[in-house]
Amino acid sequence: MRKTTLICIGILIVSCLLFSWAQGKIIEARSGIRIEEKILMLSDRPEVTKVAALGFDSALADLLWVRAIQYFGGNFSTLDKPEKREGLINLFDNMLALDPHFVAAYKFTGFVVNESVKDSNLAIDYLLKGADNNPGEWSLPFDAGFIAFYQLKEYELAKELFIQSIFGLSLTHDASIQTTGLKPGFSEEAIIDGDSYSNAEFTCENSSLTIDLGAKKTIGRIWFEHKAPAKQTYRLSLSTADTPTDFEDIETTAVLGVYFHDFEPPTEARFVRLDQFQTEADEDVFAVSEVKVFGARNPKTPGYVERMAYEMDRAGGPVPRRLGTIRAVLQ
Amino acid sequence: MNKIFAIALNTYKEAVRNKVFYIILVFVLVLLAFSLILATLALGEDDRIIKHAGLSVINIFGLLLATFVGVNLVYEEMERRTIYTIIASGVTRTQFIVGKYLGLFLTIFVNVLIMGTLLIFLVGIWHNSTITVSLFLALYLFLFEMMIITAFAVLFSSFSTPVLSAVLTFMCWIIGHLSEDLLEWSRRLFEQGSTGTANLLYGLYYALPNLEIFNLVNYVTNQEDIGSILNAVFLYPLYGILYAAILLMITILTFERRDFK
């Protein structure tokens, strides 16, 4: 064997031994550092991550998804600690910014933030952000509604979210409202502000309430609600139109608390009008607490969601009893 | 025309001899690894991951192929002095450049075709999931992105060294994926009243390639509107062809004036 070859083999063997020793030392030195946390050192500005992804947004979101699952699996009982929480929330923010249509990621984020990070409000925020980005996904507002019901015991909010999972967001969110016969001291905003406990009172004679959706839209349900001051039956007339003068009567109906009209199939209209108000006691006060107009029913939403929404109206009951009712509904 | 095809075919054969198709083998291994490993880690989202990973890997390998083969195309011919023989045999410089370009694009086309078929096979047969039109559309549009990248590689190769050409081509790819931000920036500046800067950025956006229009990777698993299908089938490819043609003309003009000594 040549001298050079022997020297090379000698150096190789010595290098391998030294390398093995150095590697052992490195493992020892870094034993306290969890490698998995390095992946959480992402930019805390998800929009920067999105730019840096250079078009591979979804593929990067997938990698973060796999990492998030592994991280959750290894730390699920300690994620409410600030140092763990910060990294994980950052990971979720980046993942969801990279792919705003990743439905499973929103559901997982909602679950982890609610159960392990123990921040139910934040979990609902994530799920509703997902619902905004994926309007056809009934399960996102449903999950948010379930957290509102079970964790926060916010039954009114839970009902709203369950309804959102059936019909999507109310079209009245960006609608304008015109009224005649509104009593002094009451505001039109109270009717479409989403708070069903604030009333707007009308006189019964020649009063009307017209909602302008801004453009012709598909309407699946019109929802009317009254909660105060006294429970009594009201009568009102409902009509829709494409122009503010050309209303077509839908029905005149009696209302006790909540009334809704479903359009099967959904109708197209820009204006919705409620008028011909009457009260059972023949008083000249007709109180409206909330009017909402919804789009078409999501055909994918299971039937039990609607029944759960109505269960939420029995607000204030102890959770075990309410859960029992919900279980019965689910069965 | 025959001379162009002869050069194109020769370029393709040379690429095959240089074993560039080994990249397909690597692709298959990467894809299989993703399929087997991630299926167990992805909590039911393996279908989505395999589609995204597959298209991204095709994208990256296509870019590497276009860059590293493209930047050597003209440079090597001049380094080995083979360009003298070619030019002396009656091939014009224009025919040489166009032939080289078409040969490289053919190589990339065959690569993408094989990798795309493997991906569709894996998604449809192995994972038994839905093969959507957007998956085919993503592969189709990707070819036009490569058309532009190849044109950049050949352009830089005609006047620069391979290393510098590779860096410049890669830069163009990055800029191409970010250029839409210039448009947005320009709009914002226009609203704020900075018309001069806004117009400058608008001009830059016009001059730089917009490669994001060819990127459908993010849409293959989302049931959302991917814009007008007509745009994806006709307008975006037309943009790609025209942009590549402009680059090719600039390459020919540069190469015509180049002194081989």
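Buried residues make up 33% of the 331 residues in chain A. A residue is buried if 20 or more other C-beta atoms, placed from the backbone, lie within 10 Å of its own; it is exposed if 12 or fewer do, and partly exposed in between. This is a predicted model: local features need pLDDT of at least 70, side-chain atom pairs count only at pLDDT 80 or more, and totals for chains, interfaces and linings use all residues. Residues are numbered from 1 along each chain as its sequence is written, while chains are lettered from A and ligands numbered from 1 in the order in which they are written.

Here are the two chains.

| Chain | Helices and strands | Buried residues |
|---|---|---|
| Chain A | eleven helices, eight strands | 33% of 331 residues |

Helices (H or I, at least four residues) and strands (E, at least two) are DSSP runs, numbered from the N terminus. In chain B, the elements run α-α-α-α-α-α-α-α-α from the N terminus on. The radius of gyration of chain B, taken over C-alpha atoms, is 20 Å, close to the 18 Å that the globule rule gives for 261 residues, so chain B is as compact as a globular protein of that length. That rule is 2.2 Å times the number of residues to the power 0.38.

Now the contact between the chains. It takes 15 residues from chain A and 19 residues from chain B. Two residues are in contact if their C-beta atoms, placed from the backbone, lie within 7 Å. On the side of chain A that touches chain B, helix α3 (residues 57-75) of chain A gives the most, with eight residues.
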